[in-house]
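Please open the structure in your viewer and keep the selection tool ready. This tour goes from stop to stop, saying what to select and what is there.

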Amino acid sequence: MDHSTQMRDLGLRVTRGRLAVLEVLDRHPHSSAEDVVEEVHRDLPDVSIQSVYNVLNDLTEQGMLRRFTPPYSAALYETRVNDNHHHAMCTSCGRSEDVECAVGHAPCLTPSNSHGMEIQLADVLYQGICQDCRKTDAA
């Protein structure tokens, strides 16, 4: 389903700013709000910084975007939603990659004690050193 149809189905107006944010995140998943602003401004310099932040918040609230916040990092956004995937992040350069669910269904992990909650999502962040950074360190 394309983004315009998805927005209409959610009762949202389709705007240039919203489409621009979604296109940036399709091309550059795991981008910070600051990175999204920079990319959007390349094509639409008249869109305000606040408008981009509003779009990120609105589309996250509507379920079109996923926001995750790795330790010691700004929140990152992506268009891949509703599949309970996880992330691997390089602690050296900050690169982030998707990691498929450990079991294949949501939630991927079962806690030893759910404290009476019906668990719907397990959010896992793997941390390590990416291959590029290991090569640089070895050189």
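Begin with the open sheet of 3 strands whose order is β1-β3-β2 and whose pairing is antiparallel; strands here are DSSP runs of E with at least two residues, helices are runs of H or I with at least four, and both are numbered from the N terminus. Two strands count as paired if DSSP finds at least two bridges between them. The edges of this sheet are β1 and β2, each of which pairs on one side only. This is a predicted model, in which local features need pLDDT of at least 70 and side-chain atom pairs count only at pLDDT 80 or more, while totals for chains, interfaces and linings use all residues. Residues are numbered from 1 along each chain as its sequence is written, and side-chain values use heavy atoms, with hydrogens and water left out.

Next, select β2 and β3, which are joined in the antiparallel sense by 3 bridges; if you pick Arg-67, its bridge partner in β3 is Tyr-77.

Now move to Ala-75, which sits in the loop between β2 (66-68) and β3 (76-78). Leaving aside residues up to four places away in sequence, Ala-75 is in contact (heavy atoms within 4.5 Å) with Ser-31, Ser-32, Ala-33, Arg-67, Phe-68 and Thr-69.

Is Ser-32 buried or exposed? Ser-32 is buried, because its relative accessible area is 11%, where buried means under 20%, exposed means over 50% and partly exposed lies in between, with a 1.4 Å probe and protein chains only. Beyond four places in sequence, Ser-32 touches Ala-74, Ala-75, Leu-76 and Tyr-77.

The next stop is the largest nonpolar core, a set of 21 residues in which Val-21, Val-36, Val-40, Val-52 and Leu-56 touch the most other members; such a core consists of buried Ala, Val, Leu, Ile, Met, Phe, Trp, Tyr and Cys residues joined through side-chain atoms within 4.5 Å. Two or more residues each come from α2 (16-27), α3 (33-43) and α4 (49-61), and α2 gives the largest share, 5 residues. Select Leu-56 to see its contacts, among them Val-21, Val-36 and Tyr-77.

Finally, turn to the open sheet with the order β5-β4-β6, whose pairing is mixed. Its edge strands are β5 (96-99) and β6 (125-128). Strand β4 (residues 86-90) runs antiparallel to β5 and is joined to it by 4 bridges, and Met-89 has Ser-96 in β5 as its bridge partner.
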